[in-house]
Amino acid sequence: MFVKHGVNSGFSSLASSAVLRRQQFLIRSLGGHSVSDITHQKKRMEAVKCSSGGADAECVLRAITPSLDPKRHKGQAGKIAVIGGCREYTGAPYFAAISALKIGADLSHVFCTQGAATVIKSYSPELIVHPILEESYSISDVDEEGRRQITKKILSEFDKWMERFDCLVIGPGLGRDPFLLECVSKIMTHARESNVPMVVDGDGLFLVTNCIELVSGYHLAVLTPNVNEYKRLVQKVLGGDVDDQNTHEELLSLSKQIGGVTILRKGKSDLISDGEIVQSVSIYGSPRRCGGQGDILSGSVAVFLSWARQHISATERESTISRTNPTVLGCIAGSALLRKAAALAFEHKKRSTLTTDIIEHLGQSLEALCPAS
Ligand SMILES: NC(=O)C1=CN([C@@H]2O[C@H](COP(=O)(O)OP(=O)(O)OC[C@H]3O[C@@H](n4cnc5c(N)ncnc54)[C@H](OP(=O)(O)O)[C@@H]3O)[C@@H](O)[C@H]2O)[C@@H](O)CC1
Ligand SMILES: Nc1ncnc2c1ncn2[C@@H]1O[C@H](COP(=O)(O)OP(=O)(O)OP(=O)(O)O)[C@@H](O)[C@H]1O
Ligand SMILES: [Mg+2]
(Lines give C-alpha, C1' and ligand atoms only; values in the text may rest on other atoms or scores of the structure.)
(Ligands and ions follow the chains in the order given, each with its own letter.)
Protein backbone atom coordinates (compact mmCIF):
# COMPACT_ATOMS: atom_id res chain seq x y z
CA MET A 1 0.00 0.00 0.00
CA PHE A 2 1.53 3.31 -0.99
CA VAL A 3 -1.31 5.72 -0.34
CA LYS A 4 -1.68 7.04 3.15
CA HIS A 5 -5.24 7.52 4.34
CA GLY A 6 -5.95 10.43 6.67
CA VAL A 7 -8.69 10.11 9.25
CA ASN A 8 -11.73 11.86 7.81
CA SER A 9 -9.37 13.77 5.59
CA GLY A 10 -10.37 15.08 2.23
CA PHE A 11 -8.19 13.33 -0.25
CA SER A 12 -5.05 11.58 0.83
CA SER A 13 -1.95 12.16 -1.22
CA LEU A 14 1.07 9.99 -1.65
CA ALA A 15 3.22 10.19 1.43
CA SER A 16 6.74 11.23 0.59
CA SER A 17 8.17 8.12 2.27
CA ALA A 18 6.11 6.07 -0.11
CA VAL A 19 7.43 7.76 -3.24
CA LEU A 20 10.37 5.42 -3.52
CA ARG A 21 8.20 2.32 -3.12
CA ARG A 22 5.85 3.82 -5.71
CA GLN A 23 8.73 4.30 -8.13
CA GLN A 24 9.79 0.72 -7.59
CA PHE A 25 6.24 -0.41 -8.17
CA LEU A 26 5.99 1.64 -11.35
CA ILE A 27 9.22 0.18 -12.63
CA ARG A 28 8.09 -3.35 -11.78
CA SER A 29 4.55 -3.15 -13.04
CA LEU A 30 4.78 -0.80 -15.96
CA GLY A 31 8.23 -1.58 -17.22
CA GLY A 32 10.18 0.09 -19.99
CA HIS A 33 10.37 3.55 -18.39
CA SER A 34 13.40 5.76 -18.75
CA VAL A 35 14.95 7.62 -15.82
CA SER A 36 13.45 10.87 -17.13
CA ASP A 37 9.97 9.27 -17.19
CA ILE A 38 10.40 8.30 -13.57
CA THR A 39 11.72 11.73 -12.60
CA HIS A 40 8.76 13.32 -14.34
CA GLN A 41 6.38 11.01 -12.47
CA LYS A 42 8.09 11.81 -9.19
CA LYS A 43 7.62 15.53 -9.85
CA ARG A 44 3.96 14.98 -10.64
CA MET A 45 3.50 12.99 -7.44
CA GLU A 46 5.10 15.69 -5.38
CA ALA A 47 3.00 18.25 -7.17
CA VAL A 48 -0.22 16.88 -5.73
CA LYS A 49 0.94 17.45 -2.18
CA CYS A 50 -0.37 20.67 -0.70
CA SER A 51 2.04 23.18 0.71
CA SER A 52 0.64 22.24 4.13
CA GLY A 53 2.17 18.82 3.57
CA GLY A 54 -1.16 17.03 3.27
CA ALA A 55 -3.30 18.10 0.37
CA ASP A 56 -7.01 17.76 0.91
CA ALA A 57 -9.99 17.72 -1.33
CA GLU A 58 -11.47 20.86 0.12
CA CYS A 59 -8.28 22.76 -0.67
CA VAL A 60 -8.55 21.61 -4.30
CA LEU A 61 -12.21 22.52 -4.48
CA ARG A 62 -11.60 26.00 -3.10
CA ALA A 63 -8.67 26.62 -5.42
CA ILE A 64 -10.45 25.75 -8.65
CA THR A 65 -13.91 27.22 -7.97
CA PRO A 66 -14.07 30.58 -9.77
CA SER A 67 -15.22 33.68 -7.94
CA LEU A 68 -18.54 35.25 -8.94
CA ASP A 69 -17.04 38.11 -10.88
CA PRO A 70 -19.55 40.65 -12.27
CA LYS A 71 -17.29 41.12 -15.29
CA ARG A 72 -17.83 37.55 -16.43
CA HIS A 73 -20.53 36.83 -18.99
CA LYS A 74 -22.99 33.97 -19.33
CA GLY A 75 -21.20 30.81 -20.32
CA GLN A 76 -17.83 31.56 -18.75
CA ALA A 77 -18.63 29.51 -15.65
CA GLY A 78 -19.24 26.47 -17.80
CA LYS A 79 -21.36 24.96 -20.54
CA ILE A 80 -22.00 21.27 -20.00
CA ALA A 81 -23.78 18.71 -22.17
CA VAL A 82 -25.13 15.37 -20.99
CA ILE A 83 -25.62 12.69 -23.61
CA GLY A 84 -28.16 10.31 -22.15
CA GLY A 85 -31.84 9.69 -21.65
CA CYS A 86 -33.84 7.00 -23.43
CA ARG A 87 -37.12 5.11 -23.13
CA GLU A 88 -36.25 3.57 -19.75
CA TYR A 89 -34.21 6.29 -18.09
CA THR A 90 -34.99 9.96 -17.72
CA GLY A 91 -33.85 10.47 -14.11
CA ALA A 92 -30.13 9.87 -14.67
CA PRO A 93 -29.51 12.55 -17.35
CA TYR A 94 -31.65 15.00 -15.38
CA PHE A 95 -29.63 14.38 -12.19
CA ALA A 96 -26.33 14.91 -14.01
CA ALA A 97 -27.47 18.03 -15.89
CA ILE A 98 -29.23 19.77 -13.01
CA SER A 99 -26.30 19.05 -10.67
CA ALA A 100 -24.00 20.86 -13.08
CA LEU A 101 -26.26 23.94 -12.89
CA LYS A 102 -26.69 23.77 -9.11
CA ILE A 103 -22.92 23.76 -8.67
CA GLY A 104 -22.49 26.84 -10.80
CA ALA A 105 -22.32 26.01 -14.51
CA ASP A 106 -24.13 28.62 -16.61
CA LEU A 107 -25.74 26.32 -19.17
CA SER A 108 -26.61 22.66 -19.11
CA HIS A 109 -27.80 20.75 -22.17
CA VAL A 110 -29.18 17.23 -22.56
CA PHE A 111 -29.03 15.24 -25.83
CA CYS A 112 -31.51 12.37 -25.64
CA THR A 113 -34.23 10.49 -27.49
CA GLN A 114 -37.53 12.15 -28.40
CA GLY A 115 -39.52 10.22 -25.84
CA ALA A 116 -37.14 11.11 -23.02
CA ALA A 117 -36.93 14.78 -24.02
CA THR A 118 -40.49 15.79 -23.10
CA VAL A 119 -40.15 14.10 -19.74
CA ILE A 120 -36.79 15.71 -18.94
CA LYS A 121 -38.09 19.15 -19.97
CA SER A 122 -41.02 18.71 -17.63
CA TYR A 123 -38.65 18.10 -14.70
CA SER A 124 -36.93 21.44 -15.21
CA PRO A 125 -37.24 24.48 -17.45
CA GLU A 126 -33.59 25.27 -16.74
CA LEU A 127 -32.26 22.52 -18.98
CA ILE A 128 -31.81 22.85 -22.72
CA VAL A 129 -32.99 19.58 -24.19
CA HIS A 130 -32.23 18.28 -27.69
CA PRO A 131 -34.40 15.31 -28.76
CA ILE A 132 -31.99 14.08 -31.43
CA LEU A 133 -31.11 10.47 -30.57
CA GLU A 134 -32.93 7.44 -31.98
CA GLU A 135 -33.34 3.91 -30.65
CA SER A 136 -33.76 0.83 -32.88
CA TYR A 137 -37.45 0.39 -32.04
CA SER A 138 -38.34 3.80 -33.45
CA ILE A 139 -36.60 3.11 -36.78
CA SER A 140 -37.45 -0.59 -37.14
CA ASP A 141 -38.92 -0.07 -40.62
CA VAL A 142 -35.94 1.97 -41.91
CA ASP A 143 -33.45 0.29 -44.29
CA GLU A 144 -29.64 0.50 -44.13
CA GLU A 145 -29.40 3.62 -46.27
CA GLY A 146 -32.13 5.32 -44.23
CA ARG A 147 -30.23 4.51 -41.02
CA ARG A 148 -27.06 5.99 -42.47
CA GLN A 149 -28.97 9.20 -43.22
CA ILE A 150 -30.39 9.29 -39.69
CA THR A 151 -26.91 8.85 -38.21
CA LYS A 152 -25.59 11.65 -40.41
CA LYS A 153 -28.38 13.97 -39.29
CA ILE A 154 -27.80 13.18 -35.61
CA LEU A 155 -24.10 13.94 -36.00
CA SER A 156 -24.68 17.19 -37.82
CA GLU A 157 -27.20 18.31 -35.17
CA PHE A 158 -24.68 17.54 -32.45
CA ASP A 159 -21.75 19.09 -34.29
CA LYS A 160 -23.58 22.42 -34.43
CA TRP A 161 -23.20 22.65 -30.67
CA MET A 162 -20.21 20.53 -29.79
CA GLU A 163 -17.36 23.04 -29.73
CA ARG A 164 -19.32 25.34 -27.41
CA PHE A 165 -19.23 22.80 -24.63
CA ASP A 166 -16.57 22.82 -21.92
CA CYS A 167 -17.26 19.19 -21.09
CA LEU A 168 -19.54 16.33 -22.14
CA VAL A 169 -21.03 13.76 -19.79
CA ILE A 170 -21.60 10.62 -21.80
CA GLY A 171 -23.84 7.82 -20.61
CA PRO A 172 -26.18 8.59 -17.69
CA GLY A 173 -29.44 6.84 -18.63
CA LEU A 174 -28.26 6.26 -22.20
CA GLY A 175 -29.46 2.65 -22.34
CA ARG A 176 -27.85 -0.05 -24.42
CA ASP A 177 -29.63 0.08 -27.71
CA PRO A 178 -27.09 -0.87 -30.43
CA PHE A 179 -28.12 1.79 -32.96
CA LEU A 180 -28.08 4.54 -30.35
CA LEU A 181 -24.70 3.42 -28.99
CA GLU A 182 -23.26 3.36 -32.50
CA CYS A 183 -24.31 7.00 -32.96
CA VAL A 184 -22.88 7.95 -29.58
CA SER A 185 -19.56 6.31 -30.44
CA LYS A 186 -19.40 8.60 -33.51
CA ILE A 187 -20.28 11.60 -31.34
CA MET A 188 -17.41 10.66 -29.03
CA THR A 189 -15.01 10.39 -31.94
CA HIS A 190 -16.00 13.88 -33.15
CA ALA A 191 -15.68 15.32 -29.64
CA ARG A 192 -12.25 13.78 -29.26
CA GLU A 193 -11.09 15.18 -32.59
CA SER A 194 -12.12 18.62 -31.30
CA ASN A 195 -10.45 18.14 -27.91
CA VAL A 196 -13.67 18.43 -25.95
CA PRO A 197 -13.24 16.85 -22.50
CA MET A 198 -15.62 14.03 -21.59
CA VAL A 199 -16.78 12.25 -18.47
CA VAL A 200 -17.96 8.74 -19.33
CA ASP A 201 -20.41 7.09 -16.95
CA GLY A 202 -23.22 4.52 -16.82
CA ASP A 203 -24.03 3.03 -20.24
CA GLY A 204 -21.27 5.14 -21.75
CA LEU A 205 -18.93 2.85 -19.84
CA PHE A 206 -20.71 -0.18 -21.30
CA LEU A 207 -19.96 1.27 -24.74
CA VAL A 208 -16.36 2.14 -23.93
CA THR A 209 -15.63 -1.22 -22.31
CA ASN A 210 -16.64 -2.88 -25.57
CA CYS A 211 -14.70 -0.38 -27.67
CA ILE A 212 -11.81 0.89 -25.56
CA GLU A 213 -10.23 2.72 -28.54
CA LEU A 214 -12.90 5.39 -28.15
CA VAL A 215 -11.05 6.79 -25.16
CA SER A 216 -7.68 5.07 -25.18
CA GLY A 217 -4.88 7.64 -24.94
CA TYR A 218 -7.30 10.55 -24.65
CA HIS A 219 -6.05 12.69 -21.76
CA LEU A 220 -9.25 14.70 -21.53
CA ALA A 221 -11.39 11.63 -20.79
CA VAL A 222 -12.57 10.61 -17.33
CA LEU A 223 -14.22 7.26 -16.62
CA THR A 224 -16.37 7.02 -13.47
CA PRO A 225 -17.13 3.31 -12.96
CA ASN A 226 -19.24 1.90 -10.13
CA VAL A 227 -18.50 -1.55 -8.78
CA ASN A 228 -20.05 -3.43 -11.75
CA GLU A 229 -18.66 -1.10 -14.37
CA TYR A 230 -15.18 -1.32 -12.83
CA LYS A 231 -15.33 -5.11 -12.79
CA ARG A 232 -16.20 -5.18 -16.49
CA LEU A 233 -13.39 -2.72 -17.31
CA VAL A 234 -10.81 -4.74 -15.39
CA GLN A 235 -11.90 -7.97 -17.04
CA LYS A 236 -11.73 -6.42 -20.48
CA VAL A 237 -8.54 -4.41 -20.15
CA LEU A 238 -6.43 -6.30 -17.61
CA GLY A 239 -7.94 -9.69 -18.40
CA GLY A 240 -8.69 -10.91 -14.89
CA ASP A 241 -10.85 -10.41 -11.83
CA VAL A 242 -10.72 -7.35 -9.58
CA ASP A 243 -7.96 -7.63 -6.99
CA ASP A 244 -9.24 -6.13 -3.75
CA GLN A 245 -5.85 -6.56 -2.07
CA ASN A 246 -4.07 -4.24 -4.50
CA THR A 247 -6.63 -1.59 -5.29
CA HIS A 248 -4.24 1.27 -5.94
CA GLU A 249 -1.76 -0.66 -8.05
CA GLU A 250 -4.60 -2.16 -10.07
CA LEU A 251 -6.23 1.21 -10.74
CA LEU A 252 -2.89 2.68 -11.74
CA SER A 253 -2.24 -0.15 -14.21
CA LEU A 254 -5.76 0.06 -15.59
CA SER A 255 -5.45 3.76 -16.27
CA LYS A 256 -1.96 3.33 -17.72
CA GLN A 257 -3.20 0.52 -19.94
CA ILE A 258 -5.91 2.80 -21.36
CA GLY A 259 -3.25 5.37 -22.20
CA GLY A 260 -3.48 7.65 -19.18
CA VAL A 261 -7.23 8.13 -19.13
CA THR A 262 -8.36 9.31 -15.70
CA ILE A 263 -10.45 6.78 -13.79
CA LEU A 264 -12.56 7.52 -10.73
CA ARG A 265 -13.42 4.19 -9.11
CA LYS A 266 -16.52 4.78 -6.97
CA GLY A 267 -16.97 3.05 -3.66
CA LYS A 268 -16.60 3.42 0.10
CA SER A 269 -13.61 5.60 -0.75
CA ASP A 270 -13.43 7.06 -4.23
CA LEU A 271 -10.10 6.24 -5.88
CA ILE A 272 -8.74 8.36 -8.69
CA SER A 273 -5.84 7.68 -11.04
CA ASP A 274 -4.49 9.09 -14.29
CA GLY A 275 -1.90 6.36 -14.63
CA GLU A 276 0.72 8.42 -12.83
CA ILE A 277 -0.76 9.03 -9.42
CA VAL A 278 -3.48 7.58 -7.22
CA GLN A 279 -5.62 9.75 -4.97
CA SER A 280 -8.43 8.80 -2.67
CA VAL A 281 -11.37 10.79 -1.37
CA SER A 282 -12.85 9.39 1.79
CA ILE A 283 -14.81 12.27 3.27
CA TYR A 284 -17.75 10.83 5.14
CA GLY A 285 -20.81 10.70 2.86
CA SER A 286 -24.09 8.91 3.37
CA PRO A 287 -24.93 5.30 4.23
CA ARG A 288 -27.91 5.51 1.83
CA ARG A 289 -27.13 3.91 -1.51
CA CYS A 290 -30.14 5.16 -3.51
CA GLY A 291 -29.68 5.19 -7.30
CA GLY A 292 -28.62 8.42 -8.96
CA GLN A 293 -25.70 9.49 -6.77
CA GLY A 294 -23.26 8.50 -9.49
CA ASP A 295 -25.18 10.74 -11.89
CA ILE A 296 -24.74 13.73 -9.58
CA LEU A 297 -21.06 12.87 -9.47
CA SER A 298 -20.64 12.76 -13.25
CA GLY A 299 -22.29 16.19 -13.68
CA SER A 300 -20.17 17.60 -10.86
CA VAL A 301 -16.89 16.22 -12.21
CA ALA A 302 -17.68 17.80 -15.59
CA VAL A 303 -18.05 21.25 -14.01
CA PHE A 304 -15.00 21.00 -11.75
CA LEU A 305 -12.88 19.62 -14.58
CA SER A 306 -13.79 22.66 -16.68
CA TRP A 307 -13.01 24.98 -13.79
CA ALA A 308 -9.72 23.21 -13.12
CA ARG A 309 -8.68 23.74 -16.74
CA GLN A 310 -9.60 27.42 -16.52
CA HIS A 311 -7.75 27.76 -13.22
CA ILE A 312 -4.61 26.14 -14.59
CA SER A 313 -4.56 28.23 -17.75
CA ALA A 314 -5.02 31.42 -15.70
CA THR A 315 -2.34 30.79 -13.08
CA GLU A 316 1.39 30.40 -12.98
CA ARG A 317 2.33 26.77 -13.17
CA GLU A 318 4.06 27.10 -9.84
CA SER A 319 1.38 26.24 -7.36
CA THR A 320 0.95 22.64 -6.32
CA ILE A 321 -2.57 22.47 -7.61
CA SER A 322 -1.95 24.10 -10.96
CA ARG A 323 0.66 21.44 -11.74
CA THR A 324 -1.83 18.64 -11.18
CA ASN A 325 -3.77 17.04 -14.00
CA PRO A 326 -7.09 18.98 -14.30
CA THR A 327 -9.04 15.78 -14.84
CA VAL A 328 -7.74 14.50 -11.48
CA LEU A 329 -8.59 17.81 -9.79
CA GLY A 330 -12.10 17.66 -11.25
CA CYS A 331 -12.61 14.16 -9.87
CA ILE A 332 -11.32 15.09 -6.42
CA ALA A 333 -13.55 18.16 -6.15
CA GLY A 334 -16.63 16.40 -7.57
CA SER A 335 -16.27 13.48 -5.23
CA ALA A 336 -15.73 15.70 -2.19
CA LEU A 337 -18.75 17.86 -2.94
CA LEU A 338 -21.09 14.94 -3.60
CA ARG A 339 -20.04 13.28 -0.35
CA LYS A 340 -20.54 16.46 1.67
CA ALA A 341 -23.97 17.03 0.13
CA ALA A 342 -24.94 13.40 0.74
CA ALA A 343 -23.90 13.69 4.40
CA LEU A 344 -25.97 16.88 4.83
CA ALA A 345 -29.01 15.39 3.10
CA PHE A 346 -28.77 12.30 5.30
CA GLU A 347 -28.67 14.46 8.42
CA HIS A 348 -32.08 15.81 7.46
CA LYS A 349 -33.78 12.89 5.74
CA LYS A 350 -32.16 9.81 7.25
CA ARG A 351 -33.58 6.62 5.69
CA SER A 352 -35.77 8.52 3.25
CA THR A 353 -32.81 10.39 1.68
CA LEU A 354 -33.16 10.43 -2.10
CA THR A 355 -30.96 11.71 -4.91
CA THR A 356 -33.13 14.82 -5.26
CA ASP A 357 -32.46 15.62 -1.57
CA ILE A 358 -28.71 15.38 -2.18
CA ILE A 359 -29.01 17.70 -5.19
CA GLU A 360 -30.80 20.22 -2.97
CA HIS A 361 -27.77 20.25 -0.67
CA LEU A 362 -25.11 20.78 -3.35
CA GLY A 363 -25.36 24.58 -3.06
CA GLN A 364 -25.16 24.62 0.73
CA SER A 365 -22.16 22.27 0.69
CA LEU A 366 -20.32 24.39 -1.84
CA GLU A 367 -21.21 27.58 0.06
CA ALA A 368 -19.68 26.15 3.24
CA LEU A 369 -16.38 25.66 1.40
CA CYS A 370 -16.42 28.62 -1.00
CA PRO A 371 -18.73 31.39 0.17
CA ALA A 372 -20.23 33.29 -2.77
CA SER A 373 -19.33 36.66 -1.25
N1 LIG B 1 -33.32 7.22 -12.00
C2 LIG B 1 -32.63 6.84 -13.07
O3 LIG B 1 -33.01 7.10 -14.21
C4 LIG B 1 -31.34 6.13 -12.88
C5 LIG B 1 -30.77 5.49 -13.98
N6 LIG B 1 -29.54 4.93 -13.92
C7 LIG B 1 -29.00 4.47 -15.17
O8 LIG B 1 -29.21 3.08 -15.27
C9 LIG B 1 -28.33 2.55 -16.23
C10 LIG B 1 -27.64 1.32 -15.66
O11 LIG B 1 -26.86 1.75 -14.55
P12 LIG B 1 -26.65 0.82 -13.27
O13 LIG B 1 -26.00 1.63 -12.24
O14 LIG B 1 -27.92 0.14 -12.90
O15 LIG B 1 -25.62 -0.18 -13.90
P16 LIG B 1 -24.96 -1.44 -13.31
O17 LIG B 1 -24.64 -1.25 -11.87
O18 LIG B 1 -23.86 -1.88 -14.19
O19 LIG B 1 -26.14 -2.48 -13.52
C20 LIG B 1 -26.81 -3.11 -12.47
C21 LIG B 1 -27.38 -4.38 -13.04
O22 LIG B 1 -28.32 -4.11 -14.08
C23 LIG B 1 -27.92 -4.73 -15.30
N24 LIG B 1 -28.19 -3.78 -16.34
C25 LIG B 1 -28.03 -2.44 -16.27
N26 LIG B 1 -28.46 -1.84 -17.39
C27 LIG B 1 -28.90 -2.81 -18.21
C28 LIG B 1 -29.46 -2.85 -19.52
N29 LIG B 1 -29.72 -1.71 -20.21
N30 LIG B 1 -29.74 -4.03 -20.06
C31 LIG B 1 -29.52 -5.16 -19.37
N32 LIG B 1 -29.00 -5.20 -18.13
C33 LIG B 1 -28.70 -4.06 -17.55
C34 LIG B 1 -26.46 -5.07 -15.14
O35 LIG B 1 -26.20 -6.27 -15.79
P36 LIG B 1 -24.73 -6.61 -16.40
O37 LIG B 1 -24.40 -5.51 -17.37
O38 LIG B 1 -23.77 -6.62 -15.26
O39 LIG B 1 -24.91 -7.91 -17.07
C40 LIG B 1 -26.30 -5.23 -13.65
O41 LIG B 1 -26.54 -6.54 -13.26
C42 LIG B 1 -27.34 3.67 -16.56
O43 LIG B 1 -27.73 4.31 -17.73
C44 LIG B 1 -27.51 4.59 -15.39
O45 LIG B 1 -27.11 5.89 -15.68
C46 LIG B 1 -28.76 4.95 -12.71
O47 LIG B 1 -27.89 6.04 -12.86
C48 LIG B 1 -29.62 5.08 -11.45
C49 LIG B 1 -30.67 6.15 -11.56
N1 LIG C 1 -20.02 2.18 0.22
C2 LIG C 1 -20.04 3.50 0.07
N3 LIG C 1 -19.87 4.32 1.14
C4 LIG C 1 -19.88 5.67 0.99
N5 LIG C 1 -20.06 6.27 -0.19
C6 LIG C 1 -20.22 5.51 -1.29
C7 LIG C 1 -20.22 4.08 -1.21
N8 LIG C 1 -20.40 3.60 -2.46
C9 LIG C 1 -20.53 4.68 -3.26
N10 LIG C 1 -20.41 5.82 -2.54
C11 LIG C 1 -20.51 7.20 -3.04
O12 LIG C 1 -21.60 7.33 -3.91
C13 LIG C 1 -21.18 7.87 -5.15
C14 LIG C 1 -21.91 7.12 -6.24
O15 LIG C 1 -21.38 5.81 -6.30
P16 LIG C 1 -22.23 4.58 -6.77
O17 LIG C 1 -21.38 3.38 -6.66
O18 LIG C 1 -23.55 4.59 -6.07
O19 LIG C 1 -22.43 4.99 -8.31
P20 LIG C 1 -23.47 4.44 -9.36
O21 LIG C 1 -23.82 3.02 -9.08
O22 LIG C 1 -22.93 4.76 -10.71
O23 LIG C 1 -24.72 5.39 -9.09
P24 LIG C 1 -25.99 5.59 -10.01
O25 LIG C 1 -27.12 4.97 -9.27
O26 LIG C 1 -26.13 7.07 -10.15
O27 LIG C 1 -25.72 4.95 -11.32
C28 LIG C 1 -19.66 7.72 -5.19
O29 LIG C 1 -19.03 8.87 -5.65
C30 LIG C 1 -19.26 7.52 -3.77
O31 LIG C 1 -18.72 8.73 -3.28
MG1 LIG D 1 -24.08 4.94 -12.47
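This is a predicted model: local features need pLDDT of at least 70, side-chain atom pairs count only at pLDDT 80 or more; totals for chains, interfaces and linings use all residues.
Residues are numbered from 1 along each chain as its sequence is written, chains are lettered from A and ligands numbered from 1 in the order in which they are written, and side-chain values use heavy atoms, with hydrogens and water left out.

The chain has 14 helices and 10 strands; helices (H or I, at least four residues) and strands (E, at least two) are DSSP runs, numbered from the N terminus. Of its 373 residues, 57% count as buried, where buried means under 20% relative accessible area, exposed over 50%, and partly exposed in between (1.4 Å probe, protein chains only). The accessible surface comes to about 16200 Å², and carbon and sulfur atoms hold 50% of this area (Shrake-Rupley method, 1.4 Å probe; for residues, only the protein chains shown count as cover). Among contacts (heavy atoms within 4.5 Å) between residues at least 6 apart in sequence, 68% join residues at least 24 apart.

Helix α4 (residues 91-103) has 13 residues and reaches 18 Å from its first C-alpha to its last, close to the 18 Å expected at 1.5 Å a residue; the expected span is 1.5 Å times one less than the number of residues. In α4, 10 of the 13 residues are buried, among them Ala92, Phe95 and Ala96. Gly104, which follows α4, has a positive phi near 140 degrees.

The largest pocket has a volume of about 1200 Å³. On a 1 Å grid over the protein atoms alone, a pocket is an open set of points where a 1.4 Å probe fits, with protein on both sides within 12 Å along at least five of seven lines, and lining residues have an atom within 4 Å of a point. Grid points are joined across faces, edges and corners, and the volume is the space filled by probe spheres set on the points. Of the 43 lining residues, Asn226, Lys266, Gly267, Asp270 and Arg289 are the closest to the centre.

UniProt, in an unreviewed entry, places a "binding site" at residues including Gly173, Asn226, Val227 and Asp295; positions follow the numbering used here, feature names are shortened, and annotations may be inferred rather than shown by experiment. The lining of the largest pocket includes Gly173, Asn226, Val227 and Asp295. Val227, in helix α9 (residues 227-237), counts as exposed because its relative accessibility is 59%. Asp295, in helix α11 (residues 293-314), counts as buried because its relative accessibility is 13%. Leaving aside neighbours within four places in sequence, Asp295 is in contact with Ala92, Phe95, Ala96, Pro172 and Asp201.
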